[in-house]
Amino acid sequence: MIQHTMNPKDIKIEEYNYPLPDSRIALHPLAERDRCKLLVYSQEGGISDSRFDALTELLPEGALLVYNNTRVINARLRFSKSTGAAIEIFCLEPHTPADYEQAFASREKCSWQCLVGNSKKWKEGDLQMTVVTASGITTLKARRLPVPQAADRSQTIEFEWDNANVPFSDIISAVGEIPIPPYLNRKSEASDSEDYQTVYSHIDGSVAAPTAGLHFTPALLDAIDKKGIKRREVTLHVGAGTFRPVKSERIGDHDMHSEWIAVDSSLIEELAQEAGKRPIVAVGTTSVRTLESLYHAGCLIAAGKWEGEVPQWAPYSDECEFLPVGEALKVLHEYLAARGEDTFVARTRIIIAPGYTYRVVDAMITNFHQPQSTLLLLVSAFIGDTWREIYNHALDADYRFLSYGDACLFFRKK
């Protein structure tokens, strides 16, 4: 069964460019998160302007709202050598132990995949600093492990400290910095520690926020609950690859980054039972990627081809049958039940681009994305070529762009 009308590998990224002046990139959020502008688009209603706190009136009756509960960690650690050279270590994801929860709970030693800034000045020896935490004072050392540099130029860095009372989570909380997006072209500020977290974040692991969720407030969530709209969580730990520009001319030559996801089996069961019966609204592209990855994982399991990660091009391959949505999700749920697991934990490398057939998500809440980015491709696959008209409207109507900017509510093209 072929599910696409065009091969996304042939897409030229230059076709997804648009002019974005620096003055339109929001450097800070609004004082009241839910007062930002909200651009609404559907095929039936066209483009309209609203405000984010009107979301309760705009969401479909009986909708299921799915959001990403990941929390941004203080991933940037700054060391100073005795020579005065500053070395920045940017923790991307845990290496040993590879499990996020275990890595944060580690005492005395753990290793991470990291990007190293000014690495030419760190030729040999350990880096070290004194860290004062709520659980005690310790000396933190960082050393390079003799592991080849990864394709993303990350290195395996081992951290060691001399106080067994101090978990690694306390160390990065004490001396790490929140890693705001590079396109803001400014240093992290104290306010970013709160501004760059969603109000519902509670699972540590991301190095970038799922920014569509930044607009929610406790009051708005309460209003959504009172409206009878059910809310459910998924986890996708956002990697630095989300900011990686597409440098190849063709999408087919772009290597999509891999990200860690976790979804409760009860949600998978609910999605399987409700497939086609209630609108699924995803908050942010990370939730979109997670939900759509569940479908393809189910298809791969049914075909006996599941290896723990949704491959980049799986949605466009005819190597396995594309099942009805409810059936694929039922396969996934039964797979977990057979293994006695209550959470689906996997990785996804899925790329969603024009030519993709959406299976699970009916509407998405998202921000405005960078030109020539994989996130803009994802949006285009959802609403079609209208993305350009929508972005032109937003530029003309003084919308604020990117992570701290305004939001959109898009309904899937039929």
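The account below begins with a sheet and moves from there to pairs, pockets and cavities.

Tutor: The model is predicted: local features require pLDDT of at least 70 and side-chain atom pairs count only at pLDDT 80 or more, while totals for chains, interfaces and linings use all residues. Residues are numbered from 1 along each chain as its sequence is written, and side-chain values use heavy atoms, with hydrogens and water left out.

Strands (E, at least two residues) and helices (H or I, at least four) are DSSP runs numbered from the N terminus, and two strands pair if DSSP finds at least two bridges between them. Strand 7 and strand 10 run antiparallel and are joined by six bridges. Trp112 has Ile157 of strand 10 as its bridge partner.

Glu158 and Arg143 form a salt bridge, with 2.7 Å between the closest N and O atoms; the term requires a side-chain nitrogen of Lys or Arg within 4 Å of a carboxyl oxygen of Asp or Glu. Glu158 belongs to strand 10 (residues 155-161) and Arg143 to strand 9 (residues 136-144), so the pair ties together parts 15 residues apart in sequence. Which of these two partners is buried? Glu158 is, at a relative accessible area of 15%, whereas Arg143 is partly exposed at 21%. Buried means under 20% relative accessible area, exposed over 50%, and partly exposed in between, with a 1.4 Å probe and protein chains only.

Arg78 forms a salt bridge with Glu177, their closest N and O atoms lying 2.8 Å apart. This pair links distant parts of the chain, 99 residues apart: Arg78 is in strand 5 (residues 76-80), and Glu177 is in the loop between helix 3 (168-175) and helix 4 (192-195). Arg78 is partly exposed at 43% relative accessibility, and Glu177 is partly exposed at 25%. In total, the model contains 25 salt bridges.

The sheet also contributes to open space. Strand 6 (86-96) and strand 7 (109-117) are among the strands that each supply at least two residues of the lining of the largest pocket, as do strand 11 (203-206) and strand 13 (259-264). On a 1 Å grid over the protein atoms alone, a pocket is an open set of points with protein on both sides within 12 Å along at least five of seven lines, a cavity is a set where a 1.4 Å probe fits but cannot get out, and lining residues have an atom within 4 Å of a point. The volume of the largest pocket is about 1,000 Å³, taken as the space filled by probe spheres set on grid points joined across faces, edges and corners. Its lining comprises 43 residues, and Leu92, Asp152, Ala240, Gly241 and Arg244 are the closest to the centre. By class, 19 are nonpolar, 12 polar and 12 charged; Ala, Val, Leu, Ile, Met, Phe, Trp, Tyr, Cys and Pro count as nonpolar, Asp, Glu, Lys and Arg as charged, and the others, Gly among them, as polar.

The second largest pocket holds about 350 Å³. Glu101, Ile203, Thr235, Trp260 and Ala262 are the closest to its centre among 18 lining residues. Strand 11 and strand 13 each supply at least two residues here, as do helix 2 (100-105), strand 12 (230-237) and strand 16 (343-348).

The largest cavity has about 310 Å³, and Thr211, Thr242, Thr285, His369 and Leu375 lie nearest its centre among 27 lining residues. Helix 7 supplies four of these residues, the largest share. The lining divides into 13 nonpolar, 12 polar and two charged residues. The second largest cavity, of about 100 Å³, has a lining that includes Pro29, Arg33, Asp195 and Arg400.
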